[in-house]
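I opened this notebook to keep a record of what I looked up, one entry at a time. The structure comes first, and my entries follow.

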Amino acid sequence: MKIATFNINGIKARLPALLDWLDEARPDVALLQEIKTVDAGFPHAPFDERGYNVETHGQKSFNGVAILSKRPLEDVTRGLPGDEEDDQSRWIEATVVGKRALRVCGLYLPNGNPAPGPKYDYKLAWMARLRDRAAELLAAEEPALMAGDYNVIPQDEDASRPAAWAEDALALPDSRAAFRRIVNLGFTDAFRMRVFGPGHYSFWDYQAGAWSRDDGIRIDHILLNPQAADLLTDCRIDREMRGREKPSDHVPVWVEIDA
DNA sequence: ATGTCGGCATTGTGCCGA
């Protein structure tokens, strides 16, 4: 089963590029971030035609996450637990019924800039809630993954120019520590199970010719609990998507899971 | 070199968020 994460930066602007990618990459499940629309504004027909079930958790203008799945989705829940006051749409999860059940969580972690400040406080608080949910997914001892735009550069090797990000909310020590605390519960960064070393990115800014200079960062991650990690057979980044017409600033990252 | 997008409120363009 092929499961991908893709921050599309607006479903309306990205529909042609997204459909082309779906037709070529043919993921069984696609976890989308930054759909930037309310649920009613998310198109269904083009996905129905391709055999995808659609579940969304949108909001007006900003954020918003969705799951596309060729297999049935069960027990869909929306919103990261732990704060009734949080009205930002950044989390959706569902159980995908395949050879065996797999719990998939799609997330759009807060950017956190400028740091320090209230946005950075919100990022760290959100990550603490994410850790709590991650601990529950471990305790369940069933295959589960959390995939999305984490807005965290885990290590210097995950940035083309690490010094340029040193003071940024994506790379500050507290951000990295919060990410590590989640991984250290017992999760596996799927990409780093397959590929080592620098030069592998999932985001290139629209500004300053970042793509043409390959000035990228790796911030889109797929974390696997042990039961899912045992089933991992592949993980890759669809880098070439960044060079297409009207691209997102992120590219898809995907895993192949024997489930 | 504060350099580009997407969405929104709004009809020409500036703001926000990234």
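Does Val97 count as buried, exposed or partly exposed? I found 14 C-beta neighbours inside 10 Å, so Val97 counts as partly exposed, where buried means 20 or more other C-beta atoms within 10 Å of a residue's own, exposed means 12 or fewer, partly exposed lies in between, and C-beta atoms are placed from the backbone.

Before going on I noted that this is a predicted model, in which local features need pLDDT of at least 70 and side-chain atom pairs count only at pLDDT 80 or more, while totals for chains, interfaces and linings use all residues. Residues are numbered from 1 along each chain as its sequence is written, and chains are lettered from A and ligands numbered from 1 in the order in which they are written.

Staying with Val97, I placed it in strand β6, helices (H or I, at least four residues) and strands (E, at least two) being DSSP runs numbered from the N terminus. Leaving out residues up to four places away in sequence, Val97 touches Arg71, Pro72 and Glu74, a contact being two C-beta atoms, placed from the backbone, within 7 Å.

I then looked at Asp87, which sits in the loop between β5 and β6 (91–97). It counts as exposed because it has 9 C-beta neighbours inside 10 Å.

Next I traced the open sheet, whose six strands run in the order β5-β6-β7-β8-β12-β9 with mixed pairing, where two strands pair if DSSP finds at least two bridges between them. Its edge strands, β5 (73–78) and β9 (188–189), each pair on one side only. I saw that β9 pairs with β12 (residues 220–224) in the antiparallel sense over two bridges, and that Asp189 has Leu223 in β12 as its bridge partner.

Turning to helix α4 (residues 173–183), I listed its buried residues as Ser175, Ala178, Phe179 and Ile182. Seen down the axis of α4, these fall within an arc of 100°, so they line one face of the helix; the arc is that of the directions from the helix axis to the C-beta atoms. On the other side of α4, Pro173 and Ala177 are exposed, and the cover over its buried residues includes α3 (118–140).

My last entry concerns DNA strand B, around which there are 15 residues, with Gly10, Lys12, Ala13, Ser61 and Tyr206 coming nearest; a residue is near if its C-beta atom, placed from the backbone, lies within 6 Å.
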